[in-house]
Amino acid sequence: MKKTKKIVMISLLISLGLVLHLVESFFPLSAVVPGAKLGLANIVSLIAIALFGFPAAFQVVIFRVILGSLLAGTFMTINFYLSFSGGILSFILMYLAYCFFKDYLSLIGISIIGAVAHNTAQITAAYFIIANIGIFYYLPFLILLALPTGFGVGLVSYFTLKHLPYSLIGGNFNDKKSK
Amino acid sequence: MKIRDILTFYDKVLIVFVILISLILLLIPFYYFGAPAEDEELILRVQQGNELIRTVAVADSYQEPIIFEVEGPIGVHVIEVNQGRVRVQEAPADDPLKICEKTGWIDREGPIIVCVPNSLSLWLESTNSDIDGMSW
């Protein structure tokens, strides 16, 4: 893939992630379990991991978190650190799972790993800030909720990768896999 | 295309594993707190950072609601204790997620209301029986 094309694709994915981040805030899942969310922005991270590998996908995640917090006005506040920790840990685990268990796990499994890691990282980061062990009360509920959301995110990324037109990424994802 | 064509065997193993882990984690609070006793008295504790800044006996709220404010770095929380339940009535306007407000009422041991930007946490604690005996 040409360098320019790659840059364009990465910035496209970042902006998609930002929009999904915004759409996500319309679903008040926090009323069900405090801190819960759909994790739609994970779709973009998964697609980036599958298409571009480590450096580019890492850029997508980092820039999505930083730009998202700049837009929301929470840059360098506690909320930023929370979403940063969740984003980084879930990205790293998803990337490792994609590298080593690609033959065993589908994108759904990888996305569930990411969702669970995101929740665990956020709760742990929040624990260090409020210094109250009681916050782990919500962890099992968050993990249970991460299953359906992670499942949906994995499904969306699977179909997106399957149906991305040949011209857009310069090669069909499934062809690349079979080689 | 059907879901079962996409889902691999190890996906299912992972899902079952995650469900099992969360169920085990769910059981810990039950083991820890036990069943609520008939005559237990609940105390609300408000903690900011490492500091316990306020305790309120929930039993006092049956006559009339207790409403007080807690100030933190990003603003003022209005906390309401009413009919044995506790909630954050109003989160600061600068709180982007307002999770503490969305948590709603808590009325037993276990659930906790947190506001991470203000490092604030509120929870209910049952009074110990031997403390009751002492005070009588």
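This is a predicted model: local features need pLDDT of at least 70, side-chain atom pairs count only at pLDDT 80 or more; totals for chains, interfaces and linings use all residues.

Colleague: Start with the two chains. How many residues of chain A are in contact with chain B?

Modeller: 32 residues of chain A are in contact with 32 residues of chain B.

Colleague: Which elements of chain A give two or more residues to that side?

Modeller: Three helices of chain A: H4 (78-100), H5 (107-130) and H6 (139-163). H5(A) gives the most, with seven residues.

Colleague: And how do the residues on that side of chain A divide by class?

Modeller: 23 are nonpolar and nine are polar. None is charged.

Colleague: Switching to annotation. Where does UniProt put the "transmembrane region" in chain A?

Modeller: The unreviewed UniProt entry gives residues 41-66, 78-98, 104-130 and 137-159 of chain A.

Colleague: What does the model show for 78-98 of chain A?

Modeller: That span is 100% helix and 0% strand. Its end C-alpha atoms lie 30 Å apart.

Colleague: And what about 137-159?

Modeller: Residues 137-159 of chain A are 91% helix and 0% strand. The end C-alpha atoms there are 35 Å apart.

Colleague: Now helix packing. How do H3(A) and H4(A) cross?

Modeller: H3(A) covers residues 54-72. The axes of H3(A) and H4(A) come within 10 Å and cross at roughly 165°. The cut-off for roughly antiparallel is over 145 degrees, so H3(A) and H4(A) are roughly antiparallel to each other.

Colleague: Is the crossing left-handed or right-handed?

Modeller: H3(A) passes H4(A) in a right-handed crossing.

Colleague: Which residues make the contact?

Modeller: From H3(A), they are A:Phe54, A:Ala57, A:Phe58, A:Val61, A:Val65 and A:Ser69. From H4(A), they are A:Phe80, A:Ser83, A:Phe84, A:Gly87, A:Phe91 and A:Tyr95. By class, that contact has nine nonpolar, three polar and no charged residues.

Colleague: Over to chain B. Where is B:Cys100 found?

Modeller: B:Cys100 is in helix H3 (residues 99-103) of chain B.

Colleague: Does B:Cys100 count as buried or exposed?

Modeller: Buried, because B:Cys100 has 26 C-beta neighbours inside 10 Å, and the cut-off is 20 or more.

Colleague: Leaving aside neighbours within four places in sequence, what is B:Cys100 in contact with?

Modeller: B:His77, B:Val88, B:Ala91, B:Ile113, B:Val114 and B:Cys115.

Colleague: And B:Leu124, what separates its C-alpha atom from that of B:Cys100?

Modeller: 15 Å, with the two residues 24 apart along the chain.

Terms used:
Residues are numbered from 1 along each chain as its sequence is written. Chains are lettered from A and ligands numbered from 1 in the order in which they are written. Two residues are in contact if their C-beta atoms, placed from the backbone, lie within 7 Å. Helices (H or I, at least four residues) and strands (E, at least two) are DSSP runs, numbered from the N terminus. Ala, Val, Leu, Ile, Met, Phe, Trp, Tyr, Cys and Pro count as nonpolar, Asp, Glu, Lys and Arg as charged, and the others, Gly among them, as polar. UniProt positions are given in the numbering used here, feature names are shortened, and annotations may be inferred rather than shown by experiment. Axes are lines fitted to C-alpha atoms, for helices over the stretch in contact, and angles run from 0 to 180 degrees between N-to-C directions. Angles under 35 degrees count as roughly parallel, over 145 as roughly antiparallel, 65 to 115 as roughly perpendicular and the rest as oblique. A crossing is left-handed if the near helix is turned anticlockwise from the far one by less than a right angle, and right-handed if clockwise. A residue is buried if 20 or more other C-beta atoms lie within 10 Å of its own, exposed if 12 or fewer, and partly exposed in between; C-beta atoms are placed from the backbone.
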